[in-house]
Amino acid sequence: IVASWAIFGDDRYALVDDQKLPVPTQTEANYQVYESGTFVTQDSSLALEKTWWAPVGNPTCNFVIQLLRVYPYDGQSHSGLYIGEAVDWDIPSDGSAANTGDYEYDGLNRLIYLRGTESDGSGCQLCTDRYGGQAWLGFHYNDTCAFDTAGPFGAYTADNTVYVWPNSGLVPSEVYSLMQNPGFSANPNPVDQHAVMTYFANHTLDAQDTLHVYTALITVMEGDSADLYNSAAQANDWFRAEILASCGTCCMPPIRGNVDYDPGDEIDISDLVYQVDYMFTSGPPPTCWEEANVNGSGPVNPPSDGPADIDISDLVHLVDYMFNSGPPPADCP
């Protein structure tokens with residue numbers, strides 16, 4: 001399996017730092033690290049850098065973690081930014097690059113993906129069993145400990161014969177227009193497609209800020225959409241265990257229960273709704289696992305341990321405290 005990357009219309013970006021060779025810049029026991037170097041926009045206002053973490057030694061890890069860093073190269077604040085990425089997957093299909101588009105957005109999996117197409121039923125496997133997609137993990141500014149899972153603004157797949165090849169590349173004005181559409185959508189027709197994920201819309205980047213956006217690039221060589229979703233969940237867990245820095249306690253003293261993680265907010269019905277949503281309707285995971293681990297039982301350091309420590313006893317404890325004068329939630333660590 002081979003991946004390559006390029007910037008459509010390289011006259012719009014300039015490489016200002018040495019481009020890294022396609023070999024690891026760092027090798028650890030569980031992963032290798034690759035880097036892109038630093039690119040700047042044509043007006044030298046913004047800088048863009050990428051880092052990829054590729055798991056090693058685990059044959060089930062069919063994903064790469066990707067970090068995009070964006071910061072003002074000119075030292076000025078910038079507003080009205082639409083920040084995102086286009087990926088031209090070209091999932092193998094019978095005799096062509098025709099792919100069908102789809103997406104999954106359920107609070108836990110937020111990914112846009114393409115699937116191969118099959119025309120004759122021959123070959124070593126069905127091309128409809130091949131998938132490739134990009135999953136949202138989260139973002140932070142400057143401080144890793146302020147990691148946030150909210151987002152992305154939107155994502156879509158679109159026909160290359162309309163938006164790429166007639167123009168010898170992506171047309172910035174067309175992409176800019178499409179990136180302003182919120183939510184997820186996909187082209188279900190078997191055509192040559194690319195996928196775009198809009199991380200932020202109409203965004204302001206302050207002069208001293210560096211925006212860090214994490215996604216996972218995932219492939220399934222032979223499987224179905226459930227395998228793709230499972231890989232997205234595995235990528236999220238692996239990212240949190242291997243890449244995201246351990247920042248100690250995130251709990252807001254004195255007690256737990258601020259499940260929606262609203263700064264300075266009292267424990268109220270919105271926290272209860274957030275807890276129920278996460279536990280029973282595939283709502284977004286808590287930003288701070290410690291706050292949702294209301295009774296303080298078990299270890300409280302996610303990723304893999306955190307969700308297992310949040311169960312019905314935490315929900316009962318929160319309801320009891322809010323409505324039945326029960327004991328308060330456990331103290332913050």
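1. Confidence. This is a predicted model, and the protein chain averages a pLDDT of 85. pLDDT is the predictor's confidence in each residue, on a scale from 0 to 100. A score of at least 70 is reached by 89% of the residues. Over residues 299–308 the pLDDT is below 50. Beyond near neighbours in sequence, that stretch has 15 contacts in the model, where contact means heavy atoms within 4.5 Å. Where pLDDT is low, the predicted coordinates should not be read in detail.

2. Ground rules. Residues are numbered from 1 along each chain as its sequence is written, and side-chain values use heavy atoms, with hydrogens and water left out. Local features need pLDDT of at least 70 and side-chain atom pairs count only at pLDDT 80 or more, while totals for chains, interfaces and linings use all residues.

3. The disulfide. The structure holds one disulfide, meaning a pair of cysteine sulfur atoms within 2.5 Å. Cys-251 and Cys-332 form it, with their sulfur atoms 2.0 Å apart. The torsion about their S-S bond is about -60°, so the disulfide is left-handed. Cys-251 sits in the loop between α3 (225–242) and α4 (269–280), and Cys-332 in the segment after α6 (312–323), so the pair ties together parts that are 81 residues apart in sequence. Helices (H or I, at least four residues) and strands (E, at least two) are DSSP runs, numbered from the N terminus.

4. Buried or exposed cysteines? Cys-251 and Cys-332 are both buried. Buried means under 20% relative accessible area, exposed means over 50%, and partly exposed lies in between (1.4 Å probe, protein chains only). Cys-124 is in no disulfide. The nearest cysteine sulfur to Cys-124 is that of Cys-127, 7.7 Å away. Cys-124 has a relative accessible area of 75%, so this residue is exposed. Cys-61 has 12% relative accessibility, so Cys-61 counts as buried.

5. Aromatic rings. A search of the whole structure finds 17 aromatic pairs. Rings of Phe, Tyr and Trp (its six-membered ring) pair if their centres lie within 6.5 Å; planes under 30 degrees apart count as stacked, over 60 as edge-to-face and the rest as tilted. The rings of Trp-136 and Phe-139 have centres 6.4 Å apart and planes at 45°, so this pair is tilted. Trp-136 is buried at 4% relative accessibility, and Phe-139 is buried at 10%. Ring pairs join Trp-136 and Phe-139 with Tyr-141, Tyr-199 and Phe-200 in a cluster.

6. A link between distant parts. Phe-147 and Phe-239 also form a tilted pair, 5.5 Å centre to centre with 50° between the planes. Phe-147 lies in the loop between β9 (131–141) and β10 (154–159), and Phe-239 in helix α3. The two are 92 residues apart, and the pair links distant parts of the chain. Both Phe-147 and Phe-239 are buried.

7. Two buried loop residues. Ser-93 lies in the loop between β6 (78–87) and β7 (98–105). Its relative accessibility is 11%, so Ser-93 counts as buried. The side chain of Ser-93 reaches the backbone oxygen of Ala-98 at 2.7 Å. Leaving aside neighbours within four places in sequence, the contacts of Ser-93 include Gly-116, Thr-117 and Cys-127. Asn-187 lies in the loop between β11 (183–184) and β12 (191–205). Asn-187 is buried too, with a relative accessible area of 16%. With neighbours within four places left aside, Asn-187 is in contact with Thr-100, Gly-101, Thr-157, Asp-159 and Gln-193.

How values were computed: Polar contact = N/O pair within 3.5 Å; in protein donor to acceptor, adjacent residues only side chain to side chain.
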